[in-house]
Amino acid sequence: MGEAILRVRDIHKSFDGTGVLRGVSMEIREGEVVVIVGPSGCGKSTLLRCINGLETIDRGEIFLRGEKISGRRKDLHLVRQRIGMVFQSYDLFPHMKVMDNLLLGPTKALGRPRAEVEKEALEMLERVGLREKACALPRTLSGGQKQRVALVRAMLMRPEILLLDEITAALDPEMVSEVLNVVIDLARGGMTMAIVTHEMRFAEAVADRVLFLEEGVVLEEGTPEEFFHAPKTERARHFLQSFTYASKRDKVEIQPKNNAGD
Amino acid sequence: MQDLGIGILFKGVNFQRLLGGLWVTLRLALITIGLSCLFGLLFGMLMLSGKRIVKAFCRLWLEIVRFMPQLVLLYLVYFGFARLFGWDLDGETSAVIVFTFWGTAEMGDLIRGALTSIPRHQTESAAALGLNKARIYLHILIPQTLRRLLPQAINLSTRIIKTTALVKMINVTEVLKVGQQIIGQFYRQPDAAFWVYFVIFLLYFLVCWPFSLLARHLEKRWA
């Protein structure tokens, strides 16, 4: 793994006096996939939104390849051209066909020739199994299909890093894997990514490193093996337990107990 | 045929006179629609502005326009302003003022609705693609606003065209007034009224129907 592409140093962000990020630092190296997990409201989406300037930060600094990108107001779009982002609510532009959704950024923001991007777009659609949808309108696609198009749209900008903000949270369960498989493909291709997700098995499969965020601070950081199989903190253990269910055949006595975790 | 009232429409220049009246109707409507779009855009943006007092003022304007019959407003401006302020407004000017007062509020409300109906995510997705502000407006926000707005704006326009018939009450010689003049000349022809009004009905229909078709077509295409 190469040099650090992204460096976040001690960032703070509050909304209406409530601290959402309270001193988060992290680093992502070239080709690395970092998965950020944590209970809802822990600030993980806000962290991604701060990185690409959709939220301003109150304190701290963010660097992209050594260049400070936080705190600037002018030419923010030039920074965003280098950072891809896909959101939870598959936001394709409803008035444009799939192909026009894909071409917009590369041709209008980067000024690349249309024919060249179109060829590349078709190849990428092919790879995600949606070549025949190039001329379809977004509303005719399923949620999973829309989200795959959104991934292609972000990738066509040839970003240096890709931010994925709970991209399967709004999908029906049976569509989750078709989207996540595309992400795993991208990871295999060496794409640098920061991924926020609630899909723990996917996180374990795709991550090089896991960050556990709670109440706006990084509580734990480690390899997926460490984090998922031997979490260091009680909070992380507690969090991971919320994804498993006790079998009804296990014998447990039901009785009031003291909250051991806290 | 000679005995039928419809024949009088083809006597002399009667039909041309009707068309002349229709032109007055259309001219009035087009000026009103044009001004309403222009001021409506301002009105819509004012309604979206942060200032509470400005919003309340717009709201009040809109309510007045919705509850007040257009005819009362026409009389108020045409007769009332003449007496009160000594303004000697001719009928057509009064009509443009009243209908624009109405159209601005209605169009502004439509524009406000269209602008607010576009989810914030659309702007964010476009921003995340590295488009600058101008391009976000040009490629994402304005096209989507227009798509939501156009069908409704066209419907409002046909309503404005129809409503201009009221201006005959303040001495503007538009198509309806011309029709009444023709009927008056041929008072001995008992079915003249039926045929003249029937033809006027057809003229209105022919003017408004294409608009309505267009609105329906756009609505379906952009749904």
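Mentor: Let us begin with chain A, which has nine helices and ten strands. Please keep in mind that this is a predicted model.

Trainee: How do you know that the radius of gyration of chain A agrees with that of a compact globule?

Mentor: For 262 residues, a compact globule would have a radius of gyration near 18 Å, and chain A has 20 Å, which agrees. Along the principal axes, the C-alpha atoms of chain A fill a box of roughly 65 × 45 × 40 Å.

Trainee: What makes strand 6 and strand 10 of chain A the edge strands?

Mentor: An open sheet of six strands in chain A has the order 6-7-8-3-9-10, with mixed pairing. Strand 6 (83-86) and strand 10 (217-222) of chain A each pair on one side only, and they are the edge strands. From one strand to the next, the twist averages 20 degrees.

Trainee: Why are helix 7 and helix 8 of chain B called roughly antiparallel?

Mentor: The axes of helix 7 (residues 175-185) and helix 8 (residues 192-222) of chain B cross at roughly 160 degrees and come within 9 Å. Angles over 145 degrees count as roughly antiparallel, and therefore the two helices of chain B are given that name. The crossing in which helix 7 of chain B passes helix 8 of chain B is right-handed.

Trainee: Which residues make this contact between helix 7 and helix 8 of chain B?

Mentor: Helix 7 of chain B contributes B:V175, B:L176, B:G179, B:I182 and B:I183. From helix 8 of chain B come B:A192, B:A193, B:V196, B:Y197, B:I200 and B:L203. By class, the residues of this contact are ten nonpolar, one polar and no charged. Gly counts as polar, so B:G179 of helix 7 is the polar one.

Trainee: How many residues does each chain give to the contact between chain A and chain B?

Mentor: Chain A gives 16 residues and chain B gives 16 residues. On the side of chain A, helix 2 (76-80) and helix 3 (98-109) are the elements that give two or more residues. Helix 3 of chain A provides the largest share, four residues. This side of chain A has seven nonpolar, six polar and three charged residues.

Key. Residues numbered from 1 in each chain as written. Chains lettered and ligands numbered in written order. Predicted model: local features only at pLDDT ≥ 70, side-chain atom pairs only at ≥ 80, totals over all residues. Pairing = 2+ DSSP bridges. Axes fitted to C-alpha atoms, helices over the stretch in contact; angles between N-to-C directions. Parallel < 35°, antiparallel > 145°, perpendicular 65-115°, else oblique. Left-handed = near helix turned anticlockwise from the far one by under 90°. Contact = placed C-beta atoms within 7 Å. Rg over C-alpha atoms; globule rule 2.2 N^0.38 Å.
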